[in-house]
Amino acid sequence: MIESLPRREREVFESLCRLEEASAAQVRQGLSDPLSDSAVRTLLARLEAKGLVARASSGAHNLYRPAPPTEVVAAGALSRLIDTFFNGSAASAATALLGMTRSLKPEEAAALERAIDAARERDR
């Protein structure tokens, strides 16, 4: 879905996904190479026309949020990343991610153990 967006639209959309809900000014601040406020509003309007962004009026400001659930967008992006860099192997990707962290919090380790157990159950 987002891989076909032009670079700037994708950046604006990703900034909005990180924020979950934001004004155009907040989205602008989240960009690595900020655009003008009017350019961000234009890109948000384009994304809204494509069905990727929802807009709600909140007093003097419009608030924007990703229209598809963030989990759906994240799952698609992660799937493309795994296909591209890990030859489709989720285990290889997970191993690489774990190698990037210094340590896991106990609740993170427990969540990983539950996910592994659930994957084993699905394979039975």
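The model I am reading is predicted.

**Entry: overall fold**

I went through the secondary structure and found six helices and two strands. Along the sequence I read the order as α-α-α-β-β-α-α-α. I then looked up the radius of gyration, which is 18 Å, well over the 14 Å from the globule rule for 124 residues, so the protein is more spread out than a compact globule. For the extents along the principal axes, I noted that the C-alpha atoms fill a box of roughly 50 × 30 × 30 Å.

**Entry: surface and contacts**

How many of the 124 residues count as buried? I found 23%.

I took Leu78 as the residue to look up, and it is found in helix α4, which covers residues 70-85. Leu78 has 41% relative accessibility and therefore counts as partly exposed.

**Entry: Arg8**

Is Arg8 buried or exposed? I have it as buried, because its relative accessible area is 19% and the cut-off for buried is under 20%. Arg8 is found in helix α1, residues 7-19. I then asked what the side chain of Arg8 reaches: one of its polar atoms lies 3.0 Å from the backbone oxygen of Asp33. Setting aside residues up to four places away in sequence, I list Asp33, Leu35 and Leu43 as touched by Arg8.

**Entry: Leu63**

I moved on to strand β2, residues 61-66, where Leu63 lies. Leu63 is partly exposed, since its relative accessible area is 23%. Which residues does Leu63 contact, leaving aside neighbours within four places in sequence? I wrote down Glu21, Ala22 and Ser23, then Ala54, Arg55, Ala56 and Ser58. For Ala22 I also looked up the separation from Leu63: they are 41 residues apart in sequence, and their C-alpha atoms are 5.3 Å apart in space.

Note on methods:
Residues are numbered from 1 along each chain as its sequence is written. This is a predicted model: local features need pLDDT of at least 70, side-chain atom pairs count only at pLDDT 80 or more; totals for chains, interfaces and linings use all residues. Side-chain values use heavy atoms; hydrogens and water are left out. Helices (H or I, at least four residues) and strands (E, at least two) are DSSP runs, numbered from the N terminus. Buried means under 20% relative accessible area, exposed over 50%, partly exposed in between (1.4 Å probe, protein chains only). The radius of gyration is taken over C-alpha atoms; the globule rule is 2.2 Å times the number of residues to the power 0.38. A polar contact is a pair of N or O atoms within 3.5 Å; within protein, one must be able to donate a hydrogen and the other to accept it, and residues adjacent in sequence count only if both atoms are side-chain atoms. Contact means heavy atoms within 4.5 Å.
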